[in-house]
Amino acid sequence: MLTTRTVLTPVGDARTQAMAQLVLMDGLAPSTFHRQGDPPPRADAMWLGTADALRQLGVERGTQAMAAPLAQAWQGRHAKTHVQVIRPGWSPALGGDAVRSHEITFWAPGSVSVIWSHSEGLLRQELEQAMMAGADVALAELLASPRFAAAAVLHAVTQAPPYARTVPPPVLHVHCYLVGVTDPGGQLASSRRQFGETVRSGGAAGRLRLAEKLRGLGFQIEALTGPGGRFFEVAGVPPQLAEESSVWHRAECPAITHLGRY
């Protein structure tokens with residue numbers, strides 16, 4: 001499933017660095033669950049997109065996304081020179097100039113989160129890589145032709161709603177922060193498109209890639225699950241456990257219901 005929302009970052013906002021550090025906080029990442037004897041943990045955040053778009057931000061595809069460059073990217077600035085490369089626009093809601101970006105989140109099926117939480121270190125890493133691969137394909141399909149720059153951050157836990165009485169089980173998901181796309185002249189700019197149906201096709205492409213990766217790991221896929229039969233689960237996981245680790249189980253959470261779900 002994909003959820004999307006638009007993010008407006010005020011130009012010169014000193015809080016941007018703190019927000020980037022919060023997004024990359026260790027307590028949310030899979031590496032938090034690293035156990036003794038596991039393989040060395042991999043980076044939980046990386047840059048995705050096309051080389052020309054990322055170059056304008058001073059970052060490279062596949063490299064680890066750190067807080068300082070991410071904060072600069074949200075401001076539309078080059079990571080090293082801090083030069084403004086994405087033109088901000090006036091935001092009536094904020095009463096000042098802001099850079100527009102999108103947060104696109106790729107959610108794992110509940111059964112995948114269950115398997116991840118009960119697996120040994122190497123399999124957990126392979127499942128994490130499969131999630132990143134699915135998110136990468138989902139972004140590419142979502143944007144169709146434009147070249148883009150984005151930071152992908154893998155999380156293993158979600159924040160529980162205020163009324164929750166128990167700690168929610170792990171839910172694997174990838175936050176993709178789409179910073180910009182290239183215009184016809186090749187210049188990086190804010191994306192102002194409304195995704196609409198392309199979100200559905202992006203979500204489907206991401207799930208297909210994830211399912212392919214899971215089959216490659218030896219899992220059997222149970223198709224036609226979830227709303228509209230558009231989703232899948234891994235066969236053999238008890239349905240109750242899968243539901244508890246599914247984003248659908250949080251459907252009443254305000255942080256989920258105000259977003260599009262595809």
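Predicted model: local features only at pLDDT ≥ 70, side-chain atom pairs only at ≥ 80, totals over all residues.
First, the conventions. Residues are numbered from 1 along each chain as its sequence is written, and side-chain values use heavy atoms, without hydrogens and water. Local features need pLDDT of at least 70 and side-chain atom pairs count only at pLDDT 80 or more, while totals for chains, interfaces and linings use all residues.

The protein has 8 helices and 10 strands; these are DSSP runs numbered from the N terminus, H or I of at least four residues for helices and E of at least two for strands. Of its 262 residues, 49% count as buried. Buried means under 20% relative accessible area, exposed over 50%, and partly exposed in between, with a 1.4 Å probe and protein chains only. Contact means heavy atoms within 4.5 Å. Among contacts with a separation of 6 or more, 69% are between residues 24 or more positions apart.

Now the cores. A nonpolar core is a set of buried Ala, Val, Leu, Ile, Met, Phe, Trp, Tyr and Cys residues joined through side-chain atoms within 4.5 Å. The largest one has 37 residues, and Met131, Leu139, Leu172, Val174 and Leu214 touch the most other members. Helix α5 supplies the largest share of this core, 9 residues. A second, separate core has 24 residues, including Trp47, Leu70, Val85 and Ala149.

Leucine 172, beyond its neighbours within four places in sequence, contacts residues including Pro30, Phe106, Trp116, Met131 and Leu154.

Glutamine 125 is also in α5. Is glutamine 125 buried or exposed? Its relative accessibility is 8%, so glutamine 125 counts as buried. Leaving out residues up to four places away in sequence, glutamine 125 touches Pro39, Pro40, Pro41 and Arg42.

Next, helix α1, residues 15-23. Its buried residues are Thr16, Ala20 and Val23.

Together with Leu22 and Met25, Met19 makes a nonpolar surface patch of about 260 Å².

Definitions and conventions:
Patch = residues over 30% accessible without salt bridge, like charges linked within 9 Å, V, L, I, M, F, W, Y side chains within 5 Å. Areas by Shrake-Rupley, 256 points an atom, 1.4 Å probe, with all protein chains shown as cover. Salt bridge = Lys/Arg side-chain N within 4 Å of Asp/Glu carboxyl O.
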